[in-house]
Amino acid sequence: MPVGPSHGSRSGGSSSRSSGSRSSGSSSSSGSYRSRSRSSRHTTVYVGGGYYGGGRSCTPKEKKIIALVWGIIFASVILIIAASLFFDNVGPMNLIKQDAGEYAQIIERAQNQEEGYYIVEITNIKQNGGGHVGYDIYYNLSGSHDSYFTAYNYLKRNGIVYFYFEYSFVDSEWGRIYGESYASYSENAVTGLTEMTLAYTKAYDNDGSWDVIDVNYSLGKNIEYLSYKDSVTIGVILFIIALGLDSLFIYMIVRVVKNKKIFGKIATNATQTKTIQPTNKQKVCAYCGSIVDKDARRCSSCGAKMFKSKE
C-alpha cells in the first residue's frame, strides 16, 4: 500500500522540515610532524671537547610512507561520509519509488471507474491569501466541492523552490476527505493553479484510510524523490573514489616497503660476496730454504737470520 508523503505537523504557519538531499559535512584537522618526536635512536658527535646527542631525521622512504598513511586516513573519512549519504537516503528513495507504482495503479483504476475508485475535478480554484516567499504556507486556495488547498514551501532544487499541498474536499457520499501531495509543484505552478484532478480510494489496501493522489503525478516530477536520488548518487560516486584511493595508497605502501627490502638484500649480498685476500703469514730461509713463520727471528732448521718472502 502507498505509504504517502509525510512532512511533519504544522502550527501557526510554520513547520519543521527535513530535506531528502540533506548531507552532513566533516571537518578535518592537520598537525605538523616533527621528526625528533618519532626517533628513539641517537648518534653521538664529538664537538669542541664535548659529546652531543642528535636526533635521527626521517629518510625519504619513511616520509613517503607517512604521507601515504595520511592519504589512507583522509580517503577513509570520505568513505564513511559516502556510506552515510547512501544509507541515509536510499531507504526513503526506494519507498517513494514503490509508492509511485502503487499510485499509478490507483489512478488507472479510478480512470477506468472501477468500483471503490473515484475521480474528482476541482475547478475554479481561487487565491484566498497573499503569497509570502520564504514562508512555509504560501497560498490558501478554495473552489468547487467545498475544497481547501494549502501550499507549503518545502525544498529548493537547482535554484527553484518547490511546494507540496495539503488539500481537503467534500464527497457527497463519503463526506470530507483529506490528502497530501509530495513536493512536486514549482512556485509558478502554485501561483497559476486554477484546477486539480484527484484520484482517491479506500479500496486499494482496505486499511480504512483514504489514498489520494493528483492524476498528473509521476515519479519524475517528485522533487523529494529526485533529491534523495541525488544524495544516493553522490554517495555512490564518493564511495567509489574513496575506495579507489584507499586501494592505491595501500598498494603504494606495499611497493615502497617491498623495494626497501629488496635494496637491503642486494646491499647485504654485495657485502657478503666481497673477496677477502688472506694475509701471507710465512717466509723462507735464505740459506736452507726452509719455510718458517713470518714472525720468527731465526730459521728453525739452520738458525740463520736471513729470510726472503714466500712466493
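Start by selecting Lys283: this residue is buried, with a relative accessible area of 16% (buried means under 20% relative accessible area, exposed over 50%, partly exposed in between, with a 1.4 Å probe and protein chains only). Before you click on, note that this is a predicted model, where local features need pLDDT of at least 70, side-chain atom pairs count only at pLDDT 80 or more, and totals for chains, interfaces and linings use all residues. Residues are numbered from 1 along each chain as its sequence is written, and side-chain values use heavy atoms, with hydrogens and water left out.

Stay on Lys283 and show its side chain. A polar atom there lies 2.6 Å from the backbone oxygen of Ala296. That is a polar contact: N or O atoms within 3.5 Å, where within protein one must be able to donate a hydrogen and the other to accept it, and residues adjacent in sequence count only if both atoms are side-chain atoms.

Now colour the strand around it. Lys283 is found in E14 (strands are DSSP runs of E, at least two residues, numbered from the N terminus). What does E14 (residues 282–285) pair with? On one hand there is E15 (residues 291–293), antiparallel and joined by 3 bridges; on the other there is E16 (residues 307–309), also antiparallel with 3 bridges. Two strands pair if DSSP finds at least two bridges between them. To see individual partners, pick Gln282 with Asp293 in E15, then Cys285 with Phe307 in E16. E14 and E15 make a hairpin with 5 residues between them, and Gly289 in the turn has a positive phi of about 80 degrees.

Next, jump to Gly4, in the segment before strand E1 (10–11). Buried or exposed, this Gly4? Buried, at 15% relative accessible area. Select Asp99, Tyr103 and Tyr182 as well: Gly4 touches them, leaving aside residues up to four places away in sequence (contact means heavy atoms within 4.5 Å).

Last stop, the rings. The whole structure has 13 aromatic pairs. One of them is Tyr154 with Tyr164, edge-to-face at 5.5 Å centre to centre and 85 degrees between the planes. Rings of Phe, Tyr and Trp (its six-membered ring) pair if their centres lie within 6.5 Å; planes under 30 degrees apart count as stacked, over 60 as edge-to-face and the rest as tilted. Tyr154 sits in E8 (residues 147–157) and Tyr164 in E9 (residues 160–171). Tyr154 is buried at 5%, and Tyr164 is buried at 0%. Finish by selecting Tyr118, Phe169, Trp174, Tyr200 and Trp210, which form one aromatic cluster.

How values were computed:
Helix = DSSP H or I, 4+ residues; strand = E, 2+ residues; numbered from the N terminus.
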